[in-house]
Amino acid sequence: MVDESLREAAPTHVSIVAGPTVWMESEGVAQLARVAAQPGCARAVGMPDLHPGRGIPIGAVFLFEGRVVPDLVGGDAGCGVLVLIGRRGGPRGDQLERRVRAAWDEALLPDVDRGALLEAAWTRGPRGLATLPGVPDALRELCLHPAFEEPASYRGESGERPSALTGTDAARFAAQLGSVGGGNHFAEIARVDRVADRAGAKRLGARADAQVVMVHSGSRGLGAEVAARYVGQILEGDALDGYLADLRGAVRYARTNRLLCAWRLLQAAGLGSAARVAAAFDIVHNAVEPDGGPGYLHRKGAAPAAADQATVVLGSRGAPSWLMRGLGCDACLSSVAHGAGRRMGRSEAYEKLRAKHRRRSLERSALGARVLCDDPRLMYEEHPDAYKPIEPVIESLERAGAATRVASLQPLLTVKR
């Protein structure tokens with residue numbers, strides 16, 4: 001629950017989207033208030049998944065007038081979620097696990113030059129894959145889906161390439177394309193479970209029991225390289241151009257990375273062609289975009305939810321995710337929570353949960369989903385017990401008029417590798 005004294009002490013242009021049953025750590029609220037007190041911040045909204053980060057809250061949206069604060073985006077620029085809804089069900093259980101393991105262990109795009117792949121990701125995003133020799137025809141066709149058109153808010157020329165793209169780290173960033181990363185990132189095959197809005201589900205092709213591929217990942221080490229160039233800076237006027245151009249490149253890279261991760265799972269699920277995908281959308285959690293005026297909207301771990309926009313609020317391995325329809329709520333800065341939100345820090349979760357759960361038990365969730373992960377510590381840090389319940393988060397968003405439910409997604413198999 002939100003400490004009302006902290007809410008009342010926050011500047012008047014701060015709002016918190018959280019119902020009475022949403023638990024929220026006081027430091028997260030305090031960080032929200034501190035950022036909102038910075039010069040130029042016109043509005044700040046804390047989502048129901050708000051929790052403290054390294055001096056900057058996660059699960060928040062800020063509107064700054066005429067200036068950009070790169071630290072609010074941080075090193076995981078372009079982090080977000082790609083959702084691909086299949087036209088049918090698919091393999092389950094042992095068969096699905098075998099197919100996913102095989103797909104994940106195979107070399108990704110072995111006939112594609114990695115340097116050219118990095119260049120295409122940085123300059124053109126997912127659509128750039130269609131220009132590369134050696135890309136399978138099915139993937140080439142898929143990347144031409146409307147979901148992979150560059151969002152208008154991120155269009156523009158790439159700026160001067162970060163030094164790492166032309167230096168010794170270029171090979172590392174090229175190799176990281178098609179990998180999930182650590183922390184709360186994952187790749188998942190789920191199924192459409194409960195349909196709450198039949199018309200909305202029909203528009204998305206989200207039939208009951210259809211399989212869904214979902215990838216939550218970001219710009220890997222490349223985003224950290226971009227962020228390091230702008231630490232502590234507040235940018236205005238002409239100084240904005242370089243950062244926004246670098247940010248566009250990182251967002252393109254992150255979106256390409258999600259598609260390549262998804263490609264592995266699509267093949268495993270038997271959905272590896274555009275004809276077998278009913279709908280797809282990609283949303284970005286960490287980025288800056290102009291608000292149509294002099295302001296710049298900064299999202300830090302928050303999902304866009306414009307009017308009628310398809311969006312998703314992530315659950316945990318022990319709770320479903322929810323497809324939602326955005327309502328373009330101005331009071332929420334046209335945003336929703338990006339997930340349930342943490343209720344334990346990573347170190348706390350590891351210390352408390354390793355005494356409670358055996359390592360082998362972590363390979364199956366409370367919902368029966370299978371989990372593939374090579375890092376035992378990460379399994380404890382990202383255990384469902386470390387997260388808030390999803391239902392109060394969804395209720396808070398609906399009560400605030402931010403979005404409405406369309407359908408729940410129950411995980412079948414989650415990859416954290």
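Modeller: We'll take the helix pairs, then the pocket.
Modeller: This is a predicted model, so to speak of local features we need pLDDT of at least 70, side-chain atom pairs count only at pLDDT 80 or more, and totals for chains, interfaces and linings use all residues. Residues are numbered from 1 along each chain as its sequence is written, and side-chain values use heavy atoms, with hydrogens and water left out.

Colleague: At what angle do helix 4 and helix 10 pack?
Modeller: Helices (H or I, at least four residues) and strands (E, at least two) are DSSP runs numbered from the N terminus. Axes are lines fitted to C-alpha atoms, for helices over the stretch in contact, and angles run from 0 to 180 degrees between N-to-C directions. Here helix 4 (residues 114-124) packs on helix 10 at about 120 degrees, with the axes 6 Å apart. That pair is therefore oblique; under 35 degrees is roughly parallel, over 145 roughly antiparallel, 65 to 115 roughly perpendicular, and the rest oblique.

Colleague: Which residues of helix 4 and helix 10 make the contact?
Modeller: Contact means heavy atoms within 4.5 Å. Among those involved are Leu-117, Leu-118 and Trp-122 of helix 4, and Gly-249, Tyr-253 and Leu-260 of helix 10. By class the contact has seven nonpolar, three polar and three charged residues (nonpolar: Ala, Val, Leu, Ile, Met, Phe, Trp, Tyr, Cys and Pro; charged: Asp, Glu, Lys and Arg; polar: the others, Gly among them).

Colleague: How do the axes of helix 9 and helix 10 cross?
Modeller: They cross at roughly 170 degrees and come within 9 Å, so helix 9 and helix 10 are roughly antiparallel. Arg-220, Leu-222 and Val-226 of helix 9 meet Tyr-243, Asp-246, Tyr-253 and Asn-257 of helix 10.

Colleague: And what lines the largest pocket?
Modeller: Rolling a probe the size of a water molecule over the atoms shows where empty space is left. On a 1 Å grid over the protein atoms alone, a pocket is an open set of points where a 1.4 Å probe fits, with protein on both sides within 12 Å along at least five of seven lines; lining residues have an atom within 4 Å of a point. In this model 49 residues line the largest pocket, with His-51, Ile-58, Gly-183, Asn-184 and Arg-346 nearest its centre. Strand 17 gives the most, four residues, and the lining divides into 14 nonpolar, 21 polar and 14 charged.
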